[in-house]
Amino acid sequence: MRTESRGDTLLITDIPTLTSDTCKAFREYAHGALQAEHKFVEVDLSRARTVDSDGIGALISVHKAICGRGGRVRLVQPAPLIGEMFKVLKLEHLFDIIPR
Amino acid sequence: MAPNSIIFAETQALELGCDLHAVAQMLGQSRQFFSAAGLVAAEMDGWELALAEAANNAVNYATPEGKELPIRLDLIVTGQWIEVRVTDHTAGFDFPETAQLPPEDSESGRGLFLIQSLTDEAHYLRGRTENCLVLRKRRAAPDSALTLLQPADAARELREGTRTLDLMTKELASSYESLAAIFRFSAELQSGINSESFLQRWINQLLDITESDWCVLRLVEHQGKELDIVAISDRDWQDQPVGPERGSATERSIEARAAAQHKDVWFDAASPLAPDDPLAGLAGAGHGFAHPLFANDVMIGVLTAGRRGELQFDAGQIGVIQTFGDFMGLQIRSRQMQEEHIRVRINTRDLEIAANIQRALLPEHLPSVPGASFASFYRSAREISGDYYDALPSDDGNLLLVVADVMGKGLPAAMFAFMFRSLVRARRELASRPGEFLAWLNQNLFEELERAEMFITAQLAFLDCRRGEIRVAGAGHPPFLSANSAGEVTEICSGGPPLGIVPGATFPEACHALSGSRFLMFTDGLFEARNPNGDLLGLEAVKSSLASAGRAGESSEVIERRFASLLRDFEQGSPMSDDTAFIVIAGNDTIRHD
């Protein structure tokens, strides 16, 4: 997992999975990298094979951290099933989902 | 399915440590298996997610002892279906029929919703030491290779499939047996067989299907205050009732505890039955559980089953006991409601018959006598009324009018009205002495009325047409009213006590000239009529209306209609609170005066 700051956007990339066993690390990593100037967080899910409900919880925690400052979490190129999952869980309006 | 066809399956059993990292490893192994079994990528992605959710729960909620035990996964792929079983060692939970989503900013609580969204079927079988989540989903693209097996692969497939088939056969066998038994017993119950023998055979069947050593079925009796045994595997065992409410009984009785807590309560060597638990003698040192039975949230009873040896019930057997019990709870409740419905119908029919008889006993027409005309009114607040009136002409041209009101309503009141009528008709030679007649009626009805804690108010009016007078006596009855042509109303007689109150009571008589006056005999339903505000009509309104009738010289029929209208206008459709009967007597000038 890597993070990169680009102006008001925090990029998080190289995420192999976002599941119960990895979401704790993701939370710490993401929240640790978040700075006051970051309004947007872009999570690159193009390599993520699985995102489970705990992984979604971790993404929601990031959303909650920046929505107060008018920010958004952008999910980039999730696998079709993962994108579908956000719709099933009625969370698609919480995130900007950029399909593959 | 073609005749004699066999469904072959790809199976894999996996065991993983109770650890989230082991879950990740398991997901990879499962994917390899699914891939080899021919699942398409989208199916594998979905199953990977469903498995992750199921296994995460098994890890996160394992009991302290359960954390030391492996989590087991059975993966089964047939040509049509994929089935996954996850056996956990958690305390178990009530699997919702339809999982609900949490608030959108919640960071947890979506696992079950996802599992149900990703599968066609999800069942959770709860056991004492382990639970099994069974997930099934129809394949996206049925694989013909799995149904048309090559001969060279048959032996390998059969070996791999044997274990799965054993599992499935065992479960199917118990399911078939329990289903067959449920249908058979359900049909028997509908046919109205003896309930006790039916439930006893039901218990014995359950014993066989679930390999239990004993079973006890208690049903709620005595307005929910007791749980009484209705069927037991060991019929020689002596028992005592158990109270289902919270209290001391729940401390010693596992059945009472299951009833009070509305959930299964288990016992075993680690948490044995209390020494004074009513089941202690039956259960011995074994294990088992008490399962409360409900129907539409109504407590029906408790089914308890156990084994005396060390072999635990498996999840399937527990499921059969619970399902069997729940189904029987519904059947028993349905039977109870049917019986209640029939009882109500019989009672209603009885009341209708009694009401018809009672109406037939009222005089169809009031007789005509020289010197007076009559009209009557009668209505009942229920099917059967305690109000009664009669008119008994005598051979010498006179007439006895009777109005009575038996305390209460329904069948008992009607029965006493019948008795009263029979006695009056049996001694009509006393008609000319109404006070004496009431004393005789009191004497002959006193014992029965006192025993039934009932009483009768009555009024007898003897029209002596030869003398042109009316002699009246009353027993605790509303006054006999008279109105003359000047509109003056007189209460002629309120008399003695009601019949059945004072033994040996006497009843004074009063006398009034018949000519030119209007008279009213009535029961209390007339002046106790209520309007929609709950106000009483009152005696003064009755008197006032009668005064108007007297002044106008109205006929008996007109006066009857006057009071019927008075009631209708005052009540304005309010439900009747009491029965009402009245007789109008209009004296005229044609009475002979000897």
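In this predicted model, strand S2 (residues 9-13) and strand S4 (residues 40-44) of chain A run parallel and are joined by four bridges. Within that pairing, Leu10(A) sits opposite Val41(A) of S4(A). Strands of a sheet, in general, pair through backbone hydrogen bonds, either parallel or antiparallel. Zooming out, S2 and S4 belong to an open sheet of five strands in chain A, ordered S1-S2-S4-S6-S7, and the pairing across this sheet is mixed. Its edges are strand S1 (2-6) and strand S7 (95-98) of chain A, each of which pairs on one side only. On average, and with direction ignored, neighbouring strands of the sheet are turned by 20 degrees against each other.

Next come the helices of chain A.

As for handedness, the crossing of H1(A) and H2(A) is right-handed. On the H1(A) side, the contact is made by Ser20(A), Cys23(A), Phe26(A), Arg27(A), Ala30(A) and His31(A). H2(A) answers with Asp54(A), Gly55(A), Gly57(A), Ala58(A), Ser61(A), Val62(A) and Ala65(A). Sorted by class, the contact of H1(A) with H2(A) comprises six nonpolar, five polar and two charged residues.

In total, 19 residues of chain A are in contact with 23 residues of chain B. On the chain A side, helix H1 (20-33), H2 and helix H3 (80-88) each supply at least two of the residues that touch chain B. H2(A) gives the most, with seven residues. By class, the side of chain A that touches chain B has eight nonpolar, six polar and five charged residues.

Now for the partner. Chain B holds 14 helices and 20 strands. Of the 594 residues in chain B, 39% are buried. Among contacts in chain B with a separation of 6 or more, 68% come from residues 24 or more positions apart.

Two residues of chain B deserve a look at their backbone angles. His262(B) is not a glycine, yet has a positive phi of about 60 degrees. The loop that holds His262(B) lies between helix H8 (254-261) and strand S8 (265-267) of chain B. Is this residue, His262(B), buried or exposed? His262(B) has 10 other C-beta atoms within 10 Å; a residue counts as exposed if 12 or fewer lie within that distance, so His262(B) is exposed.

Gln572(B) is another non-glycine residue with a positive phi, in this case about 50 degrees. Gln572(B) is found in the loop between helix H14 (556-571) and strand S20 (580-587) of chain B. With 10 C-beta neighbours inside 10 Å, Gln572(B) counts as exposed.

Notes
Residues numbered from 1 in each chain as written. Chains lettered and ligands numbered in written order. Predicted model: local features only at pLDDT ≥ 70, side-chain atom pairs only at ≥ 80, totals over all residues. Pairing = 2+ DSSP bridges. Axes fitted to C-alpha atoms, helices over the stretch in contact; angles between N-to-C directions. Buried ≥ 20, exposed ≤ 12 C-beta atoms within 10 Å, placed from the backbone. Contact = placed C-beta atoms within 7 Å. Nonpolar A, V, L, I, M, F, W, Y, C, P; charged D, E, K, R; others polar. Left-handed = near helix turned anticlockwise from the far one by under 90°.
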